[in-house]
Every structure is written in C-alpha cells, then in structure tokens.
Amino acid sequence: MAAPEAGIPARPPPRGAAADGRGRRRRWRGGLVQALLLAMVAGALAWLALQTLDNMRARGIRSGFDFLGDAAGFDIGETPIPYDALDSYARAFAVGIANTLRVALPGIVLCTLIGTLVGIGRRSPNALLRGLCGAWVEVLRNVPVLLQLLIGYLLLTEWLPDPDAPLSAFGHVFLSKGGLALPAPLWESGRLVWDLPRPGPFAVEGGMSLTPEYLALLAGLVAYTSAFVAEIVRGGIAAVPRGQTEAALALGLGRGLLLRRVVLPQALRVIIPPLGNQYLNLTKNSSLAVAIGYPDVVSIANTSINQTGRAVECIALIMAVYLCTSLGTAALMQVWNRRAAIRER
C-alpha cells in the first residue's frame with residue numbers, strides 16, 4: 001500500500017472497525033474480570049477444603065472417598081440394577097441414583113401432561129370444569145409436598161386390600177398393599193413375550209411390581225408439581241394476544257385445532273422457561289423419599305454415613321448428583337426453548 005503524500009492526513013479507520021476494536025477490548029476485560037472472580041472463588045473453596053481436612057485429621061476422623069470401594073454390607077429394597085449386600089458403596093450409590101431417576105423422569109412426563117390438561121381446563125368456558133381445575137391447583141399447591149407423600153403412603157399401605165386379595169383391573173393388573181403389579185415384557189427364544197402377573201396364595205406373582213413407596217412418591221410429586229405447571233400453562237395461554245384467537249376463529253378453525261395450532265405454539269415462549277424450574281423442583285423434591293422409606297440417593301447416603309462416618313464425602317456426592325441432574329435438565333430446556341423460538345419465527 002502506497003504511503004500518503006506529504007501534507008495529506010491519512011484517512012481515519014472506518015467506524016465499524018473502531019467499534020469492533022472497542023467491542024473486542026470490552027469483551028477481553030469482561031473475560032479477565034470473570035476469570036479473576038472464578039479464581040478467587042476456587043481459591044476460597046480450596047482453602048475451606050484444606051482447613052476442613054486439617055481439622056478432621058486433628059480429631060482423628062478419616063476422610064477421602066476410598067470407602068466407595070469397600071463392601072456396603074446392607075441390602076436395598078428396590079434395585080433397578082443388579083445389587084448385592086457384598087457390592088461396594090459405589091454400587092449402592094449407583095442404585096440410589098437409578099432410583100432417583102426412576103422417579104424423576106416419569107414424574108416430569110406425567111406432571112407435564114396433567115398440568116397441561118389442568119391449565120387448559122382453567123381457561124375452559126365450562127364453569128364446572130373450570131372450578132374443578134381451579135380446586136386441583138389451589139388445594140395441591142397449598143399443601144406441603146411432604147404431607148402429600150405421607151398421605152399417599154398411608155392410603156396405599158392401610159386402605160388397600162391385602163396382597164393375597166388384590167384389586168383387579170383388565171384381568172392382568174393388580175393393586176394391593178404390596179403395590180401395583182403390571183405385565184412385564186420378556187425376551188425369550190428370540191421373540192418378545194409378556195410375563196403376566198397372577199394372584200398367589202400370599203401375594204401377586206409374576207409380572208412387574210411397583211412398591212407402595214415408589215407409587216406414593218411418584219403420585220405425590222406429580223400431583224404437587226402439576227398444580228404449578230397448570231398455572232404456568234394458564235399464564236402462557238393468557239399471554240397469547242386475543243386477536244390471534246379471534247382471527248383463527250374467523251377462519252373457521254375449531255376449538256381443538258385452534259388450541260393445538262395457534263394458541264399453544266405461541267404460548268410456549270412463555271411456558272418453557274418457568275417450566276424448567278418446576279422440573280428442577282420435582283427432581284430435588286424426590287429427596288423427601290427418605291420420609292417414606294424409598295431408597296433414593298439421599299437414603300443410601302444416610303445409611304453410608306451411619307456405617308462409615310464419611311459425612312462430608314457422602315453429602316458432597318449428594319450435591320454432585322443433584323447438581324448434575326439440574327444442569328442436565330436446564331441444558332435440555334434451553335435447547336427446547338431455542339427450537340421453540342426458531343419455529344415461532
């Protein structure tokens with residue numbers, strides 16, 4: 001590039017380039033500040049950890065996660081994955097995590113379905129349906145979830161018939177104090193067959209069994225969370241401009257088609273962000289399972305603390321489990337939110 005002639009000033013850089021330079025410097029400074037803050041937090045946590053370890057050693061308290069390789073020595077009532085009392089504490093914690101997810105994942109699906117139906121019902125022109133849905137919301141969200149779990153467990157274990165005389169539905173579904181027995185798929189001889197439950201002399205035999213503890217926990221969490229989901233759905237529907245509804249009705253769309261194609265797609269942008277919070281609450285509320293004897297990760301951790309005395313380590317594992325599940329749920333909800341925003345455009 002030729003040098004400018006004498007006496008003729010060089011042209012100033014374009015405004016866009018100057019703005020980009022300032023933006024890069026601002027981002028660099030912001031990143032530096034965040035890195036310094038992160039380093040300070042990490043340093044403070046490391047200092048606290050060292051002080052805790054020193055105090056524990058001074059008092060003769062063992063520390064570390066080496067106990068996870070030792071034999072647990074206790075049985076677990078519900079084991080979605082194979083487990084024996086001679087297995088390690090790590091295996092026991094894996095069973096507890098599996099039990100937590102076994103409640104959280106179907107609970108999220110069920111509370112979404114029920115909450116959506118109740119939220120739509122809250123906007124129904126039918127006064128009876130609107131009143132019933134309103135009663136569902138007001139009663140369930142104002143009763144502590146722990147009390148709902150205890151009530152559900154009491155109903156399942158006290159009011160249902162004994163396991164040798166269960167209630168029957170559809171010929172192959174049985175409900176009693178022993179839990180809910182359902183047909184279970186089995187893979188035999190290269191084909192899929194069904195293992196059907198059947199009443200036995202003392203209890204229902206065969207099939208797949210869901211214990212009263214699991215049913216009470218799942219039902220309580222779903223009922224409680226669905227009340228909040230219903231209000232989120234109702235608020236999202238109310239946020240859709242009335243003109244959209246009137247225009248769709250003017251085009252001849254029915255109420256069902258109007259709801260599916262016009263109202264709910266636009267309401268998602270309002271519904272999804274707070275809906276993720278309720279999913280997180282349901283997962284964390286599953287820790288109340290210890291009150292009704294369901295062996296989730298908190299229950300396994302409590303037993304491990306009593307046997308090993310590694311309270312700090314077990315609590316750290318609980319925190320890590322719920323942190324990972326919460327971050328995973330938040331990431332999935334963020335992806336769903338972005339896709340919903342793209343479809344809306």
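Predicted model: local features only at pLDDT ≥ 70, side-chain atom pairs only at ≥ 80, totals over all residues.
Four strands make up an open sheet, and reading across it gives the order S1-S2-S3-S8, with antiparallel pairing. The edges of the sheet are taken by strand S1 (167-169) and strand S8 (208-210). Each of these edge strands has a single partner strand, so one side of each is left without a neighbour in the sheet. From one strand to the next, the twist averages 20 degrees.

Attention now turns to the cysteines. With a disulfide taken as a pair of cysteine sulfur atoms within 2.5 Å, the count in this model comes to zero. Cys-111 is in no disulfide, and the nearest cysteine sulfur to its own, that of Cys-133, is 16 Å away. Cys-133 is likewise in no disulfide, its nearest cysteine sulfur being that of Cys-111, at 16 Å.

The surroundings of these two residues can also be described. Residues under 20% relative accessible area count as buried. Cys-111 has a relative accessible area of 0% and is therefore buried. Cys-133, at 8% relative accessibility, counts as buried too.

Methods: Residues numbered from 1 in each chain as written. Heavy atoms only, no water. Buried < 20%, exposed > 50% of the residue type's maximum accessible area, 1.4 Å probe, protein only. Pairing = 2+ DSSP bridges. Helix = DSSP H or I, 4+ residues; strand = E, 2+ residues; numbered from the N terminus. Axes fitted to C-alpha atoms, helices over the stretch in contact; angles between N-to-C directions.
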